[in-house]
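Please open the model in your viewer and keep a selection panel at hand. The stops below are meant to be taken in order, each with something to pick out.

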Amino acid sequence: MPLYLSRFSYTPETWAKLIGNPEDRRKAAQSYIESVGGKLHGFWYAFGTHDGYNLWEAPDNVSMAAVALAISGGGALSSLETTVRLTVGETIDPPRTGEQVQYRAPGA
């Protein structure tokens with residue numbers, strides 16, 4: 001199954017709720033991805049541009065998109081970005097296949 005890395009940030013209101021009533025949000029994240037047949041591999045908070053990161057496994061892009069949309073639509077996040085992770089093996093064939101693409105630069 002494909003792996004996905006999500007970067008998220010909470011709204012100030014969500015942080016206020018978590019400060020007033022701390023809870024382990026990994027359990028919620030795990031239930032969301034498991035509902036589409038996926039698996040949560042990690043959940044971390046961080047300093048910096050994003051408040052946290054998740055590493056997910058999902059059956060396909062549509063399943064991951066469904067989870068991302070449900071989470072984004074919930075209103076607790078100010079941002080959510082999800083990136084498909086590629087294995088080293090998956091990056092071997094595209095350059096070889098790319099040699100066959102007859103690309104022409106604009107204006108060439």
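**First stop: charged pairs**

Select D24 and R26, whose side chains form a salt bridge in which the closest N and O atoms are 2.6 Å apart. The model is a predicted one, and a search through the whole of it finds three salt bridges. D24 is partly exposed at 30% relative accessibility, and R26 is likewise partly exposed, at 44%.

Now move to E81 and R7, which are joined by a salt bridge of 3.2 Å, N to O. Because E81 belongs to strand β4 and R7 to strand β1, this pair ties together parts that lie 74 residues apart in sequence. Is R7 buried or exposed? With a relative accessibility of 16%, R7 counts as buried, whereas E81 is partly exposed at 35%.

**Second stop: the sheet**

Show the strands as a cartoon and follow the open sheet of four strands, which has the order β2-β3-β1-β4 and antiparallel pairing. Residues 39-45 (β2) and 77-85 (β4) stand at the edges with a single partner strand each, so one side of each is left without a neighbour in the sheet. On average, and with direction ignored, neighbouring strands of this sheet are turned by 15 degrees against each other.

Zoom in on β2 and β3 (residues 52-57), which pair in the antiparallel sense over six bridges; here Y45 stands opposite G52 in β3. Then display helix α2 (residues 25-34), which lies across β1 (3-10), β2 and β3 and runs at about 150 degrees to β2. Helix α3 (residues 61-73) also packs on the sheet, where it touches β1, β3 and β4, and its direction makes about 170 degrees with that of β4.

Switch to a surface view and select W15, I19 and Y45, which form a nonpolar patch with about 330 Å² of accessible area together. W15 is found in helix α1 (residues 12-20) and is partly exposed, with a relative accessible area of 32%.

Finally, select G37 in the loop between α2 and β2, a residue that is partly exposed at 42% relative accessibility. Leaving aside residues up to four places away in sequence, G37 touches M1 and P59. G37 and E57 are 20 residues apart in sequence, with their C-alpha atoms 8.8 Å apart in space.

Methods. Residues are numbered from 1 along each chain as its sequence is written. This is a predicted model: local features need pLDDT of at least 70, side-chain atom pairs count only at pLDDT 80 or more; totals for chains, interfaces and linings use all residues. Side-chain values use heavy atoms; hydrogens and water are left out. Two strands pair if DSSP finds at least two bridges between them. Helices (H or I, at least four residues) and strands (E, at least two) are DSSP runs, numbered from the N terminus. Axes are lines fitted to C-alpha atoms, for helices over the stretch in contact, and angles run from 0 to 180 degrees between N-to-C directions. Contact means heavy atoms within 4.5 Å. Patches are made of residues with over 30% relative accessible area and no salt bridge: like charges are joined within 9 Å, nonpolar side chains (Val, Leu, Ile, Met, Phe, Trp, Tyr) within 5 Å. Accessible areas come from the Shrake-Rupley method with a 1.4 Å probe; for residues, only the protein chains shown count as cover. A salt bridge is a side-chain nitrogen of Lys or Arg within 4 Å of a carboxyl oxygen of Asp or Glu. Buried means under 20% relative accessible area, exposed over 50%, partly exposed in between (1.4 Å probe, protein chains only).
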